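Q: I am new to this structure and would like to learn how to read a few of its features. Could we go through them one at a time?

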Amino acid sequence: MWSFFARDPIKDFNYELLPENQEKSGIWTLSRGKRKTTGEPVSVFVYEISQGTEEQTQLAKAAFKRTKTLRHPNILSYVDGLETEKSLYIVTEPVTPLAAHLKLQAEKGGASDLEVSWGLHQIVKALSFLVNDCHLNHNNMGMWAVFVDRAGEWKLGGLDHVTSEQGDSISLPPPKVINPDLERYDPPESPGNGGEKWTGDVWRLGCLIWEVFNGSLPRASSLRSLGKIPKQLVPHYCELVGANPKIRPNPARFLLNCRSPGGFMNNSFVESCLFLEEIQIKEPAEKQQFFQDLSENLDSFPEDFCKHKVLPQLLTAFEFGNAGAVVLTPLFKVGKYLSAEEYQQKIIPVIVKMFSSTDRAMRIRLLQQMEQFIQYLNEAAVNSQIFPHVVHGFTDTNPAIREQTVKSMLLLAPKLNETNLNQELMRHFARLQARDDQGPIRCNTTVCLGKIAPYLNAGMRQRVLISAFSRAAKDPFPASRAAGVLGFAATHQYYSVAESASRILPTLCTLTVDPDKNVRDQAFKAIKSFLSKLETVSEDPSKLAEIEKDVTALAQTGGSAATWAGWAVTGVSSLTSKLIRNAPAGSETSGSRGVQSETSNEETVEPDKDRWDDEDWGSLEVNDGYSNYVKSLLFFQSSTGAPKRLASDYNWDGAEGKSTTSDLLSNGGNPAGDWGTEENWESLDGDQVELAKKKREERRKELEAKRAERKAAKGPLKLGARKLD
């Protein structure tokens with residue numbers, strides 16, 4: 001009667017078995033499962049009591065007990081279990097039998113020696129733990145007792161026949177009684193005759209090694225044929241399967257032999273894995289060096305290991321270990337193995353947090369590698385969490401960060417909202433173009449403005465583009481002048497015919513006598529193209545509407561980039577870099593525009609009026625970063641003759657690597673200044689800026705003089721008198 005009201009324990013079990021992919025593993029059936037509450041994947045070993053013999057049931061209960069009590073990183077991890085009158089359930093981490101794993105790897109080209117070396121290292125270490133620390137004998141070592149988790153790490157299972165060296169109260173049957181096919185894995189000596197009790201496990205370890213490299217063992221005599229066993233492993237393997245049990249090495253000794261110099265388990269992969277296992281107790285300097293070396297080795301590591309073993313450690317090192325910028329390169333390398341959903345869940349939150357870092361090395365590496373993760377960032381995160389931190393780079397005292405910040409706008413612009421793009425960004429671009437003391441940065445600002453022009457709204461384009469490119473055309477740096485000319489050409493569709501005639505052509509005509517031949521060549525091409533446009537309208541006024549159709553066009557969205565430049569620009573053979581390489585020393589001087597000695601003998605190609613979008617007017621990407629970019633051009637000199645510092649001259653890790661407000665102001669920056677976003681592009685003329693500085697200085701001196709006069713008139717303060725001013 002009471003059994004009628006009893007609840008079925010299977011229904012209350014927290015795990016659900018999935019019917020697919022069930023396979024036999026000894027006396028157990030291995031099934032995939034998941035936790036009912038969270039959907040977390042698990043593996044479930046099921047034994048049906050009604051279908052087994054009394055001996056098998058005895059082994060199943062012994063395995064249940066051992067799996068539950070034995071805990072070691074290299075032994076199959078017990079999660080939960082259930083024992084009923086009808087069946088036994090052992091829930092473990094999600095694993096795959098080694099035989100199935102190696103078969104899958106063979107279809108992909110075979111498991112690498114690195115992966116096998118680490119797998120065997122783990123199995124031998126688990127066996128050593130049982131033999132030397134727990135004083136237990138496994139008695140069931142073989143391919144069927146090894147499982148592989150999601151990270152590709154090998155785990156020792158098959159604990160059905162584990163016995164104590166001192167002897168158990170219950171005698172378990174040997175494996176060959178349950179499965180006669182396993183007799184070929186038994187050592188040649190009789191049980192208990194010669195050698196330690198663990199020598200049988202060591203012999204079966206040798207059989208496992210043979211099967212890993214050569215497939216299923218047909219008979220015991222086949223162990224003499226080495227087959228595909230690596231030469232580095234041969235001498236140690238021969239010791240395992242020696243006929244004399246007394247000379248077989250202890251598992252711990254075998255591990256030391258294989259880890260010796262030149263040994264099979266002495267490689268970068270095993271070293272990295274061992275370091276990751278002990279990373280929590282390593283010194284910070286050791287962690288830094290490890291992550292630096294890790295990037296070079298990741299390409300040879302198994303993909304699953306990178307995703308499930310290396311990635312969590314990288315994220316933990318950043319979150320809690322203060323690893324800093326050194327984790328970025330390996331982090332992005334591992335990120336290539338992730339799906340879009342996994343990338344969004346695991347890496348993007350960390351990247352967003354990294355952008356708030358004050359570490360300069362972190363900031364510049366994020367900017368340099370933005371192309372690898374920009375597609376995973378949504379617009380809300382870019383505008384609210386990333387852009388506010390990135391813009392600080394525009395006012396940084398280090399030119400390398402300013403230059404990299406400008407480049408990053410090519411990637412961020414399509415995701416910026418109206419305020420950040422048309423107001424905040426334009427304000428910073430105006431400051432850089434007018435005041436930055438590095439010619440290449442002023443040039444790159446002009447190039448970037450032209451490339452993001454399609455994303456600006458129509459009103460902002462009309463107010464900004466002509467003023468900005470006209471200013472660039474007057475820049476003392478030749479590459480900046482060329483960028484201004486090509487900026488006009490690349491954005492030709494946004495100018496009305498009247499603007500082309502009254503504002504653009506007069507500016508371009510002054511560059512026809514530029515000292516630099518490349519600038520002159522580009523100016524002539526642009527002039528001919530604009531004249532052709534004007535002639536077309538003059539001949540047929542009805543075409544005016546078609547020619548000016550884009551003047552008031554709406555801003556493009558991120559998915560509709562202009563044909564002449566996508567927002568992910570790569571390549572180094574840009575006009576900007578060409579101009580820089582060809583620039584003569586001292587070319588960044590505001591001399592006369594008279595024709596000087598030509599800097600290039602390249603032939604001038606006649607422009608094609610119908611191929612505006614084919615102009616290669618420059619890419620912001622340079623192979624080796626800002627320092628090599630500048631070194632390949634000139635060594636800039638200030639007006640006093642003191643050399644400007646290059647990116648390579650900065651001590652990134654020292655106190656000089658910290659950006660401070662005082663540093664910024666000492667370099668002439670004015671982060672709080674009102675630069676505007678519209679008409680102020682034209683009001684930032686150099687003479688006016690100098691005049692404003694002079695007036696402020698005069699006013700300061702005047703106030704100081706008045707303050708000094710008041711103090712002198714009052715005389716010295718008496719004791720106890722109160723100072724009022």
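Q: Which strands each supply at least two residues of the lining of the largest cavity?

A: This is a predicted model. As a general idea, rolling a probe the size of a water molecule over the atoms shows where empty space is left. Here, the strands are β3 (28-35) and β7 (95-97), each supplying at least two residues of the lining of the largest cavity. The lining includes Leu30, Ser31 and Arg32, and also Val95, Thr96 and Pro97. Asn21, Glu23 and Ser43 line the largest cavity as well.

Q: How many cavities of 30 Å³ or more are there, and how much space lies in the largest cavity?

A: The count comes to 3 cavities of 30 Å³ or more. The largest cavity holds about 60 Å³ of space.

Q: Which residues have the most contacts inside the largest nonpolar core?

A: In soluble globular proteins, nonpolar side chains tend to be buried together. In this model the largest nonpolar core has 95 residues, and Phe373, Leu425 and Ile452 have the most contacts inside it. Helix α11 (residues 303-321) gives the largest share of this core, 8 residues. A second, separate core has 47 residues, among them Leu70, Val131, Leu159 and Phe213.

Q: What is Leu425 in contact with, leaving aside its neighbours within four places in sequence?

A: Leu425 then touches Phe387, Phe394, Met409, Leu416, Asn420 and Ile452.

Q: How many aromatic pairs does a search of the whole structure find, and why is the pair of Phe13 and Tyr89 classed as it is?

A: A pair of aromatic rings is described by the distance of the centres and the angle of the planes. The search finds 18 aromatic pairs. The ring centres of Phe13 and Tyr89 are 5.8 Å apart and the planes are at 45°, so this pair is tilted. Phe13 is in the loop between α1 (2-5) and β1 (15-17), whereas Tyr89 is in strand β6 (residues 87-92), and the two are 76 residues apart. Phe13 is buried, with a relative accessible area of 7%, and Tyr89 is also buried, at 10%. Phe13, Tyr15 and Tyr89 form one aromatic cluster.

Q: Where in the chain are Phe332 and Phe373, and are they buried or exposed?

A: Phe332 belongs to helix α12 (residues 328-335), and Phe373 to the loop between α15 (360-368) and α16 (379-390), 41 residues apart. Their pair is stacked, with 5.2 Å centre to centre and 20° between the planes. Phe332 is buried, at 2% relative accessibility; Phe373 is buried too, at 0%.

Q: What lies over the face of Tyr494?

A: Arg461 does, at 4.2 Å from the ring centre.

Definitions and conventions
Residues are numbered from 1 along each chain as its sequence is written. This is a predicted model: local features need pLDDT of at least 70, side-chain atom pairs count only at pLDDT 80 or more; totals for chains, interfaces and linings use all residues. Side-chain values use heavy atoms; hydrogens and water are left out. A nonpolar core is a set of buried Ala, Val, Leu, Ile, Met, Phe, Trp, Tyr and Cys residues joined through side-chain atoms within 4.5 Å. Buried means under 20% relative accessible area, exposed over 50%, partly exposed in between (1.4 Å probe, protein chains only). Helices (H or I, at least four residues) and strands (E, at least two) are DSSP runs, numbered from the N terminus. Contact means heavy atoms within 4.5 Å. Rings of Phe, Tyr and Trp (its six-membered ring) pair if their centres lie within 6.5 Å; planes under 30 degrees apart count as stacked, over 60 as edge-to-face and the rest as tilted. A charge sits over a ring if NZ of Lys or CZ of Arg is within 6 Å of the ring centre and within 35 degrees of the ring normal. On a 1 Å grid over the protein atoms alone, a cavity is a set of points where a 1.4 Å probe fits but cannot get out, and a pocket is an open set with protein on both sides within 12 Å along at least five of seven lines; lining residues have an atom within 4 Å of a point. Grid points are joined across faces, edges and corners, and a volume is the space filled by probe spheres set on the points.
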